[in-house]
Amino acid sequence: MSVEIDYIAHNNKFTNIDSKIKSITAISLILIALILSMPIVSIFVLLIAIFLTLFAGIPYKFYLKFLSVPLIFSLITFIFMAFFFGSGDILWNSGISFIVIRIDGLELAINTFLRIVACFSSLGFLALTTPITDILNILSKLRVPKLLLEIAMLMYTTIFLFFSQIEAMKNAQSTRLGYYGFKNSYRSLGVLISNLFFRSLDKSDKLQISLDSRGFSGSFHIYDR
Amino acid sequence: MHIMEGFLPWYWCVFWFVVSIPVIAYGIYKIKKVTDETPESKSLLAVSGAFMFVLSSLKIPSVTGSCSHPTGNGLGATLFGPAVASVLALIVLLFQAILLAHGGLTTLGANVFSMGIVGPFVAWLIYKLLNKTGINSAISIFFAAFLGDLLTYVTTAIQLSLAFPQPSFTSALSVFMGIFAVTQIPLAIAEGLLTVVIWNGLTSYKPYLLEKLKVLNPKENSSSKTES
C-alpha cells in the first residue's frame with residue numbers, strides 16, 4: 001500500500017507542478033471546509049478535491065481504495081452521532097428507550113460527516129500527488145526544525161526496507177503454519193516484531209556507516225522542483 | 001483511535017496544537033542534545049521511528065474478531081523515554097496521515113497529544129514505577145503498554161466530548177467512554193500481551209542491548225549476565 005502510494009505520488013500529471021501550489025490548494029480546501037463547516041460548502045470542497053485528484057491522473061481504483069478506510073470510519077461516526085446525540089425534537093423512534101434520532105443530532109451528524117469527507121479527500125489530493133520528499137521540503141521552508149525533518153527523511157527510507165523484510169518473514173512463518181490458531185499467531189507476531197527490532201538496530205548501524213562513508217554532514221539536500 | 005481529518009471544529013484543532021507544540025519542542029531539544037553528543041544516535045532514532053510506523057501497520061489478532069494495530073507507544077517510550085517517543089510519534093502520525101489516510105493534518109495536534117504525549121508518558125511512568133518495586137520486567141511492560149493504551153483512549157474520549165458537548169460534556173463523555181470501553185479494552189489487553197511477547201524476545205536474545213538503553217533494573221541485568 002505505502003509502496004504503491006509512493007510510486008503514484010512520483011508518477012502523475014501533477015508531480016512536476018510546484019509543490020507549494022499543491023499544498024496551499026489542499027490546505028486551503030481543508031481550512032475552508034473546516035472553518036465554514038456548512039454542508040453545502042463541504043460538498044463543494046469534496047467535488048473540487050475529487051475533480052483535482054482524478055484530473056491528476058490518479059487511477060480511480062486506487063483512489064477508492066485509499067479513501068475507503070476513512071470513509072468506513074466516518075460512516076460509523078455518522079451513524080453513532082445520529083443515534084446518540086442531540087436533545088431536540090424526536091424525528092424517529094425505534095421503540096427501544098434510548099435509541100432515537102433527534103433532528104439536531106441528525107443535523108450535526110450530517111454536517112460532521114460531510115466535513116470529514118471533504119477534508120480527507122482534500123488531504124488525499126495532497127497525499128496522492130505530492131511525494132513525501134517534497135512535503136518535507138516545504139516544511140523546511142516553514143522553519144520546521146531541521147533535525148526533525150532529517151529524522152523523518154531517514155525514517156521514510158527505512159520504512160520500505162522494513163515492509164519487504166516483514167513480507168519475507170511473514171511468508172516464512174505462515175508456510176510453517178505460524179499463523180494457525182490464536183496462540184500461534186500471537187507467538188509468531190511477537191517473534192516477528194522482536195526480530196524486526198534487532199534487525200532495525202543492526203540496520204541503524206549500517207545506515208550510519210553508509211551515511212558517514214558518503215560524507216553525510218547532517219543534512220539532506222533534496223532537489224527542489 | 002486516530003481522530004480523523006476534519007472531525008474536530010477548527011478552534012479545538014488550534015487548541016490541541018498549542019498544547020502539543022511545547023512538549024514536542026522540548027523533545028526536539030532533548031534529541032538535539034543527544035545527537036550533538038553522539039551523532040550515531042540520529043540513525044538509531046530514525047530507524048526506531050520507522051519501526052514504530054511499521055508496527056502500526058501490522059494487525060493484531062484480537063479477541064473480538066475485529067483487527068487492530070499495535071501503537072508501539074508503550075515500547076517506544078520505555079526504550080527511549082517519553083520526550084523522544086513523542087517526537088517520533090509526531091513523525092509517525094504525519095506519515096500515517098499522508099500515506100495511509102489515518103488521522104489528518106488539522107487533527108495532528110490532538111492526535112499527538114493523545115497518542116504521542118499522554119500514552120508514552122503514562123507507559124514510561126508506569127514502567128519506571130513498577131520496575132522500582134522489583135517486579136518482573138515482563139509484567140511491568142504489560143501494564144505499561146496496557147495502561148498507556150487505555151489512557152490514550154480516555155484522552156481521545158475527552159477530546160471528542162470537549163469538541164461535541166451534546167447535550168453536555170459529561171453525558172457525551174459517558175457515551176464515548178462506553179463505546180471505547182467495549183471496543184478498546186480488549187485491544188489494549190491485546191497490545192499489552194503482544195508487547196510482553198516482544199519484550200521476552202528482546203530480553204532473551206539480546207539482553208545487553210536493553211542494558212545499553214538502561215531499561216532493565218539492575219537485579220535482572222545481573223541475572224541475565226550470569227545466564228549468558
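This is a predicted model: local features need pLDDT of at least 70, side-chain atom pairs count only at pLDDT 80 or more; totals for chains, interfaces and linings use all residues.
A crossing of two helices is called left-handed if the near helix is turned anticlockwise from the far one by less than a right angle, and right-handed if clockwise. Residues are numbered from 1 along each chain as its sequence is written, while chains are lettered from A and ligands numbered from 1 in the order in which they are written.

Let's start with the parts list. Chain A has 8 helices and 2 strands; here helices (H or I, at least four residues) and strands (E, at least two) are DSSP runs, numbered from the N terminus. Reading from the N terminus, chain A goes α-α-α-α-β-β-α-α-α-α. Chain B has 9 helices and 2 strands, and its order from the N terminus is α-α-β-β-α-α-α-α-α-α-α.

How much of each chain is tucked away? A residue counts as buried if 20 or more other C-beta atoms lie within 10 Å of its own, exposed if 12 or fewer, and partly exposed in between, with C-beta atoms placed from the backbone. By that rule, 35% of the 225 residues of chain A are buried, and for chain B it's 56% of 228 residues. Next come contacts: two residues are in contact if their C-beta atoms, placed from the backbone, lie within 7 Å. Take the contacts in chain A with a separation of 6 or more, and 69% of them join residues 24 or more positions apart; in chain B that figure is 70%.

Now follow helix α1 of chain B, residues 10-37. Its packing partner α4(B), residues 82-100, sits with its axis 8 Å from that of α1(B), at an angle of about 110°. (Axes are lines fitted to C-alpha atoms, for helices over the stretch in contact, and angles run from 0 to 180 degrees between N-to-C directions.) The two helices are therefore roughly perpendicular, since angles under 35 degrees count as roughly parallel, over 145 as roughly antiparallel, 65 to 115 as roughly perpendicular and the rest as oblique. On the α1(B) side you'll find B:V23, B:I24, B:Y26, B:G27, B:I28, B:K30 and B:I31, which meet B:A83, B:V84, B:S86, B:V87 and B:L90 of α4(B). Sorted by class, this contact has 9 nonpolar, 2 polar and 1 charged residues. (Ala, Val, Leu, Ile, Met, Phe, Trp, Tyr, Cys and Pro count as nonpolar, Asp, Glu, Lys and Arg as charged, and the others, Gly among them, as polar.)

Helix α1(B) also packs against α5(B), residues 108-132, at about 45° and with the axes 7 Å apart. That angle makes the pair oblique, and α1(B) passes α5(B) in a left-handed crossing. Among the residues making this contact are B:W12, B:W16 and B:F17 from α1(B), and B:F113 and B:I117 from α5(B). The class count is 11 nonpolar, 2 polar and no charged residues.

Next, zoom in on one glycine. B:G72 lies in the loop between β2 (67-68) and α3 (73-80) of chain B. Is B:G72 buried or exposed? It's buried, because 30 other C-beta atoms lie within 10 Å. Leaving out residues up to four places away in sequence, B:G72 touches B:M52, B:L55 and B:S56.

So how do the chains meet? The contact takes 49 residues from chain B and 62 residues from chain A. On the chain B side, the elements giving two or more residues are α1, α2 (41-55), α4 and α7 (169-205), and α2(B) gives the largest share, 13 residues. That side has 35 nonpolar, 9 polar and 5 charged residues. Over in chain A, the buried residues of helix α6 (132-141) are A:I132, A:D134, A:I135, A:L136 and A:N137. These pack against α2 (19-36) and α7 (146-175) of chain A together with α4 of chain B.

Finally, a word from the records. An unreviewed UniProt entry places "transmembrane region" features on chain B, including residues 176-202; UniProt positions are given in the numbering used here, feature names are shortened, and annotations may be inferred rather than shown by experiment. In the model, residues 176-202 of chain B are 100% helix and 0% strand, with end C-alpha atoms 36 Å apart.
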